[in-house]
Amino acid sequence: MQEVLLSPEQIALRAGQQIPYLQLPDRSLAFAAREARLRQLAPSHAMHDFLLFAAALARSQQEALQGYPEVALPDAAALKAAAALGQPPLPALHWRRDDQWRTVLRALLDGLSARLDPGPAREAVRRVLEMEDAGLERQADRLLAGQTAGLDMAAAPLIAAGLQVYWTHMVLAIRDAHGAEGQAPFGRTADATCCPCCGSLPTASVSRIDPGGGHYRYLQCSLCPAQWHMVRIKCSHCEGTKGIQYQSLQAADASGPPGKAAVEAETCDQCGHYLKIVRMERNPAVEPAADDLASLTLDLLLSQAGYRRHGVNLMLLFRDPDDSGGAGG
């Protein structure tokens, strides 16, 4: 008789357990954990300087998040309406941004500039600080729509950093306003491949090992960064379950168990897309956005093999060859 291996989700469902659908970040750790992982990955890495720059940016993001000012939020009626329609209540493409996001962005970049040595990175920060409000808004619109045409590629990660802090604050503020049941406004939406809070694409997925998400797979939003549950061995783009394979770099993560890489790409032969998965059971220190940046070589190899990425890392964008849109990380 053939033995069938069950996924953690299947085991939980057979036992009648409730799998938490949503995992929201802790305000005190949302970007601090990313900074710590980037600094851990940077030594001896080919992208050493960029990873340290991203770490400094994450620190500035964490500081900005800690003292974020009040901004306009959807009221109870708007939350209820979004839930009834199966739509995210803070849609990145349609949400009318509060002017405060620009104020916080500029304060964030002032702090970042003080941490940077003279060079291209600090020059990029200066240029963003000198942008007029209308220019910042145009760049933000293109970023959130995934359009590379007309996007300032050097400024994009900096502007994205401000948008990430803004959306993270709104998600956490709504949760806090709703007390113990704060996850209720962020229920399942019609499109399971995008964030239920803001509708953005994921950066990567993570196999969690903490008590609240034990060994289940979650997609992490590229913007807010909420995590929502998606069963394993299921394409995050077409939601198919056939032709799923796992690819990794030849050199496994030296900090994890021998022979098993902590970062893999889940590829789908049906639709030709992929998304990385970071496995905490192989290295508890992994952080989706940081480990995604540090495994850029895997993206390049998959692109050469003809796969397209489902998802984006707003800290590292590339311009499409036809310059018609579709920013990808």
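Student: Is Leu-85 buried or exposed?
Tutor: Leu-85 counts as exposed, because its relative accessibility is 64%. Exposed means over 50% relative accessible area, buried under 20%, and partly exposed in between, with a 1.4 Å probe and protein chains only. This is a predicted model, where local features need pLDDT of at least 70, side-chain atom pairs count only at pLDDT 80 or more, and totals for chains, interfaces and linings use all residues. Residues are numbered from 1 along each chain as its sequence is written, and side-chain values use heavy atoms, with hydrogens and water left out.

Student: Where does Leu-85 sit?
Tutor: In helix α4, residues 76-85. Helices (H or I, at least four residues) and strands (E, at least two) are DSSP runs, numbered from the N terminus. The C-alpha atom of Leu-85 is 8.0 Å from that of Ala-190, 105 residues apart along the chain.

Student: And Thr-189, buried or exposed?
Tutor: Thr-189 counts as buried, because its relative accessibility is 15%. Thr-189 lies in the loop between α8 (156-177) and β2 (202-207).

Student: What does Thr-189 touch?
Tutor: Leaving out residues up to four places away in sequence, Thr-189 touches Tyr-21, Gly-86, Gln-87, Pro-88, Cys-194 and Pro-196. A contact means heavy atoms within 4.5 Å.

Student: New topic. How many cavities are there of 30 Å³ or more?
Tutor: A search of the whole structure finds 2. On a 1 Å grid over the protein atoms alone, a cavity is a set of points where a 1.4 Å probe fits but cannot get out, and lining residues have an atom within 4 Å of a point. Volume is the space filled by probe spheres set on the points, which are joined across faces, edges and corners.

Student: What about confidence over residues 1-6?
Tutor: There the pLDDT (the predictor's confidence in each residue, from 0 to 100) stays under 50, and the model has 3 contacts beyond four places in sequence for this stretch. Over residues 11-16 the pLDDT is also below 50. Where pLDDT is low, the predicted coordinates should not be read in detail.

Student: And the mean for the chain?
Tutor: The mean pLDDT is 88, and 85% of residues reach 70 or more.

Definitions and conventions. 1 Å grid on protein atoms, 1.4 Å probe; cavity = no way out; pocket = protein on both sides within 12 Å on 5 of 7 lines; lining within 4 Å.
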